[in-house]
Amino acid sequence: MNKVLQLGLQSSVINVAKFLVVPIRSLRVGSSIVGVGVGTRSVNKRLMSNATVKSIPFSINNSKGKEVLKIVGAATDQNCHQMGSDSGRAEMGTPQDDRKDIEAMTVQELRATLRKLGLPVKGRKQELISTLRLHMDSNLPDESSVSDQKETTSSTRSDSVTIKRKIRNMDEPTEDDYSNSEAYGIEHGEKRVKQSTEENLKAKVSVKAISKERKSLTKTGKQQIHLKEEALSTISSELLKTEEMISSLSQSEPWTVLAHKKPQKDWKAYNPKTMRPPPLPEGTKCVKVMTWNVNGLRALLKLESFSALQLAQRENFDILCLQETKLQVKDVEEIKKTLIDGYDHSFWSCSVSKLGYSGTAIISRIKPLSVRYGTGLSGSDHDMEGRIVTAEFDSFYLINTYVPNSGDGLKRLSYRIEEWDRTLSNHIKELEKSKPVVLTGDLNCAHEEIDIFNPAGNKRSAGFTIEERQSFGANFLDKGFVDTFRKQHPGVVGYTYWGYRHGGRKTNRGWRLDYFLVSESIAADVHDSYILPDINGSDHCPIGLILKL
């Protein structure tokens, strides 16, 4: 197999398989003419001159053109390699003879010759002759180049070594043999032909070995690629399983997925499994209060999925506050009979202006010091819907309230912010004169954008109007009451209400409407303020407060 050695010097090419076995003549290799001399004693350090050698065809349809091409070809050969004897240079003829032959050519012959050489063919005869002469002269060696060639004879071996060093890292394992063969053949002439042939045979064997090794490496590479593909497949499979787990988790625990239209970069979804503090040390005196808008107590108790006993056992709360019980006065005694043992103290407020509407209750295993219903204002319309129950305990007042919704079309917005919020605020401040106050229940306001999934789309929705939010701040927070959940979780998105209409609970698109607000004097005693989003049975979920006493 012919192996082409590319030395990378001015794009020169040598056909190694025919090296030293071809008489002095031009060989066509690719698009270049390479002259090879047998028995030469020197090699040009630069295998090609700086001039670009054009592709020269072997046949032209006229005899004079053929002679001229022989001259040019010989000149090119001379420029590529120094000839081995003076007789070789004599075969080219003298420059004077060459000029006479060119002048004797017709215009058609000149143009045909120039066209074959890739030179311009426009102009008069004299211009064509000048172009051909210039091309011929540029391809003839000058004395300085011949001198340079002689001077480089002594450096042939070092050049070969240099060439070997340059190509050692290339992926051609037999190039060293080719380089040595070239240097040794130039020095010893035809005596080296046989040895060169043997080396070429060895080179072929080496090439075959390398080819075989390459195949082996290719096979190994394919195996490695296959192993990598298997590893990637395993990783992909694990990632898929992780995604499936996350997807399954998001379906079973949707509240752990951050759902918000305009979340800030530091916001996180609330997860009670990871965001609640450890329990208080045993023996620490505290009270655990829970609140829940049940959206109809009788309907909740009929649900097979809900068990009040299990909830009490799991949470072990001391006091439970309910809103929107929707009970009538006649239903209270029947409901009391179903209370869990231990919770012997219950206090119910029912709507009398609209039956089966609103309603609040406090159920406790701690006996309160006193209980009052409504705001205490005589003849107030606020007390006709059963929205407030207040229980006094040793160290604090507990107010359970269900704040009126502003309604469809915001029909009750004015009543809500101008009458109800102000009345409730004054009631709280009056009680706070003697004891700290804990205000809890469905306050029907998502105070900040973090408290609602889609703030931009609910600017005029009841519970998120700018009027309600400002009233919430002015009547409660600005008067010294602390939002315990937001204080404990400043950048946490936690909802307590998900509308039935759009299935918001499955995708955690909700509102935070349920609160524990406490007097600033006891805010530091709050151990935990938390949400229980996994408890179903209503469009709201329970929330809890642990207060150290």
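When I say that two residues touch, I mean a contact, that is, heavy atoms within 4.5 Å. With that settled, hello everyone, and please keep in mind throughout that this is a predicted model.

You will find Leu322 in strand 7, which runs over residues 319-323. Is Leu322 buried or exposed? With a relative accessibility of 4%, Leu322 counts as buried, because the cut-off for buried is under 20%. Now, what does Leu322 touch, leaving aside residues up to four places away in sequence? The partners are Trp292, Val294, Leu297, Gly359, Thr360, Ala361, Ile363 and Asn400. Ile362 is also worth a look: the C-alpha atoms of Leu322 and Ile362 are 6.5 Å apart in space, while the two residues are 40 apart in sequence.

That brings me to the whole chain. The protein chain has 549 residues, and 46% of them count as buried. Its secondary structure comes to 17 helices and 18 strands. If we take the contacts with a separation of 6 or more, 69% of them are between residues 24 or more positions apart.

There is also one annotation to mention. According to UniProt, in an unreviewed entry, residues 102-136 carry the label "domain: SAP". In this model, that span is 71% helix and 0% strand, and its end C-alpha atoms lie 10 Å apart.

Next, the charged pairs. How many salt bridges does the structure hold? There are 23. I'll walk you through a few of them.

One joins the side chains of Lys288 and Glu315, at 3.5 Å from N to O. Lys288 sits in strand 6, residues 286-293, and Glu315 in helix 12, residues 308-315, so this pair ties together parts that are 27 residues apart in sequence. Both ends are out of the way of solvent in the accessibility sense: Lys288 is buried, and Glu315 is buried too.

A second salt bridge is formed by the side chains of Arg314 and Asp534, with 2.8 Å from N to O. Here Arg314 belongs to helix 12, while Asp534 is in the loop between strand 17 (526-531) and strand 18 (543-548), so the parts tied together are 220 residues apart in sequence. Arg314, at 45% relative accessibility, counts as partly exposed. Asp534 is partly exposed as well, with a relative accessible area of 31%.

If you color these four on your screens, you can follow how they belong together: Lys288, Arg314, Glu315 and Asp534 are linked in a network of salt bridges.

One more pair is Glu324 and Lys326, which form a salt bridge whose closest N and O atoms are 3.9 Å apart. Glu324 is buried, at 14% relative accessible area, whereas Lys326 is partly exposed, at 28%.

Let's stay with Lys326 for a moment, because its place in the chain is the loop between strand 7 and helix 13 (329-336). Asn508 is another non-glycine residue with a positive phi of about 60 degrees. Asn508 lies in the loop between helix 17 (504-507) and strand 16, and at 3% relative accessibility it counts as buried.

My last stop is a pair of helices. Two packed helices are described by the angle between their axes and the distance between the axes. For helix 14, residues 413-432, and helix 15, residues 466-475, the angle is about 10 degrees and the axes are 10 Å apart. That makes the two helices roughly parallel, because angles under 35 degrees count that way.

Which residues make the contact? From helix 14 they are Leu413, Arg416, Ile417, Asp421, Arg422 and Ser425, and from helix 15 they are Glu467, Glu468, Ser471 and Asn475. Sorted by class, the contact has 2 nonpolar, 3 polar and 5 charged residues.

And on the helix 15 side, which residues are buried? They are Glu468, Arg469, Ser471, Phe472, Gly473 and Asn475. These buried residues pack against helix 14 and also against strand 16, residues 514-519.

Note on methods: Residues numbered from 1 in each chain as written. Predicted model: local features only at pLDDT ≥ 70, side-chain atom pairs only at ≥ 80, totals over all residues. Heavy atoms only, no water. Helix = DSSP H or I, 4+ residues; strand = E, 2+ residues; numbered from the N terminus. Buried < 20%, exposed > 50% of the residue type's maximum accessible area, 1.4 Å probe, protein only. Axes fitted to C-alpha atoms, helices over the stretch in contact; angles between N-to-C directions. Parallel < 35°, antiparallel > 145°, perpendicular 65-115°, else oblique. Nonpolar A, V, L, I, M, F, W, Y, C, P; charged D, E, K, R; others polar. UniProt positions renumbered as here; feature names shortened; annotations may be inferred.
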